[in-house]
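Here is a briefing on one protein chain. Look over the sequence and the model first, then read on.

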Amino acid sequence: MILVNWSAVGLGLVVGIAVSTVFFIGLSVGIRYALRTQNPIKLISLSAIVRIAVLLGVAWFVAEQGGLWAALGYAVAFFIVRLIATNVASVASTDTPAGGAR
């Protein structure tokens, strides 16, 4: 029987939800600003590098502190927040016409 360390899983979930939420908010803000600039690739690339580095750095820290179960909770939290973010984005994109058309 596999023994699950639920406190470590909970730690990973809580930290993962917080960091993943910031990750996707940063993605949204970065895309909005990038689309208003002349060279969006630089801004999108910089935003992606920073967001991914923070996400993986915190994941490493969580795995070091809580072990495998905390890392698993962190990963599950990321995919839960990703599912919510993509659903919110798809609903928001259907409500707003492209290019401000009416």
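Which residues does Leu55 touch, not counting residues up to four places away in sequence? They are Val19, Ser20, Phe23, Tyr74 and Phe78. Here a touch, or contact, means heavy atoms within 4.5 Å.

This is a predicted model, so local features need pLDDT of at least 70, side-chain atom pairs count only at pLDDT 80 or more, and totals for chains, interfaces and linings use all residues. Residues are numbered from 1 along each chain as its sequence is written, and side-chain values use heavy atoms, with hydrogens and water left out.

**Overall build**

- The protein chain has two helices and zero strands. Both kinds of element are DSSP runs numbered from the N terminus: helices are H or I with at least four residues, strands are E with at least two.
- The C-alpha trace spans about 60 × 30 × 15 Å along its principal axes.
- The radius of gyration of the protein chain is 17 Å, whereas a compact globule of 102 residues would have one near 13 Å. That radius is taken over C-alpha atoms, and the globule rule is 2.2 Å times the number of residues to the power 0.38.
- Of the 102 residues, 20% count as buried. Buried means under 20% relative accessible area, exposed means over 50%, and partly exposed lies in between, with a 1.4 Å probe and protein chains only.
- Among contacts with a separation of 6 or more, 72% join residues 24 or more positions apart.

**Helix α1**

- The 29 residues of α1 should span 42 Å at 1.5 Å a residue, and the end C-alpha atoms are 41 Å apart, which agrees. The expected span is 1.5 Å times one less than the number of residues.
- Buried residues of α1 include Gly12, Gly16, Ser20 and Gly30.
- Val14 is in α1. This residue is exposed, because its relative accessible area is 58%.
- Val14 and Ile31 are 17 residues apart along the chain, and their C-alpha atoms are separated by 26 Å.

**Nonpolar core**

- The largest nonpolar core has ten residues: Ala8, Val19, Phe23, Phe24, Leu55, Val62, Ala70, Tyr74, Phe78 and Val81.
- Helices α1 (6–34) and α2 (40–95) each supply at least two residues of this core. The largest share, six residues, comes from α2.
- A nonpolar core is a set of buried Ala, Val, Leu, Ile, Met, Phe, Trp, Tyr and Cys residues joined through side-chain atoms within 4.5 Å.
- In soluble globular proteins, nonpolar side chains tend to be buried together.

- Val62 lies in α2. Why does Val62 count as buried? Its relative accessibility is 4%.
- Val62 touches Gly12, Val15, Gly67, Ala70, Ala71 and Tyr74, not counting residues up to four places away in sequence.
- Gly73 also lies in α2. This glycine is buried, because its relative accessible area is 2%.
- Leaving aside neighbours within four places in sequence, Gly73 is in contact with Val9, Gly12 and Leu13.
- Val62 and Gly73 are eleven residues apart in sequence, and 9.6 Å separates their C-alpha atoms.
- Gly73 and Val14 are 59 residues apart in sequence, yet 8.3 Å apart in space, C-alpha to C-alpha.

- Rings of Phe, Tyr and Trp (its six-membered ring) pair if their centres lie within 6.5 Å; planes under 30 degrees apart count as stacked, over 60 as edge-to-face and the rest as tilted.
- Phe23 and Phe24 form an edge-to-face pair, at 5.0 Å centre to centre and 85° between the planes.
- Phe23 is buried at 12% relative accessibility, and Phe24 is buried at 16%.
- One aromatic cluster is formed by Phe23, Phe24, Phe78 and Phe79.
- Arg51 is in α2. This arginine is buried, with a relative accessible area of 14%.
- The charged end of Arg51 sits over the ring of Phe23, 4.7 Å from its centre. The rule requires NZ of Lys or CZ of Arg within 6 Å of the ring centre and within 35 degrees of the ring normal.
- Arg51 is in contact with Phe23, Gly26 and Leu27, leaving aside neighbours within four places in sequence.
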